[in-house]
Amino acid sequence: MPPRRNTEKFQQHTEFDRARIISLREGGFSYRATGGRVQRKSSTVMRVWKQWTDGYQTTRKTGIGQRKLTSACNNRYLLRMEVNDRTAFSRHLAVRWSTVTGVLMSASSIHVRLLHRGL
């Protein structure tokens, strides 16, 4: 078995690499041989090939991710709530936040947001 390639997690593939994968697959190379030539895993080659055969697309699908529940203004308000009451736990802030805004947010989400802001 060949040694594992040292690749970064979630590395984006260039259009050139995608075109190489498609051309090698159309040339008759296996998934494994194609992956070896372009230095990608065979599962990546399979995914790119499937995307090409299903819809003739080589571009990456844009991910929308998870919707944001709060706006920048709401985030500033949350920060202000924390600064005004430094001794409050994130659970208490979550309860106050949901009563004021009507948006449910978990205590861990509030904790992460405040840590991200440096508090």
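The model is predicted, so local features need pLDDT of at least 70 and side-chain atom pairs count only at pLDDT 80 or more, while totals for chains, interfaces and linings use all residues. Residues are numbered from 1 along each chain as its sequence is written, and side-chain values use heavy atoms, without hydrogens and water.

**Exercise 1.** Check the span of helix H1 and find its buried face.

*Solution.* Helices are DSSP runs of H or I with at least four residues, numbered from the N terminus. The expected span is 1.5 Å times one less than the number of residues. For the twelve residues of H1 (15–26) that gives 16 Å, and the end C-alpha atoms are 16 Å apart, which agrees. Next, list the buried residues (under 20% relative accessible area; exposed is over 50%, partly exposed in between, 1.4 Å probe, protein chains only): Asp17, Arg18, Ile21, Ile22, Leu24 and Arg25. Down the axis they fall within an arc of 165 degrees (directions from the axis to the C-beta atoms), so they line one face of H1. On the other side, Phe16 and Glu26 are exposed.

**Exercise 2.** Find what Thr34 touches.

*Solution.* Thr34 sits in helix H2 and is buried, at 0% relative accessible area. Its contacts (heavy atoms within 4.5 Å), leaving out residues up to four places away in sequence, are Ile21, Leu24, Arg25, Phe29 and Val45.

**Exercise 3.** Locate the two salt bridges.

*Solution.* Look for a side-chain nitrogen of Lys or Arg within 4 Å of a carboxyl oxygen of Asp or Glu. Asp17 pairs with Arg40 at 2.8 Å, and both are buried. Asp54 pairs with Lys50 at 2.7 Å; these two lie in helix H3, four residues apart.
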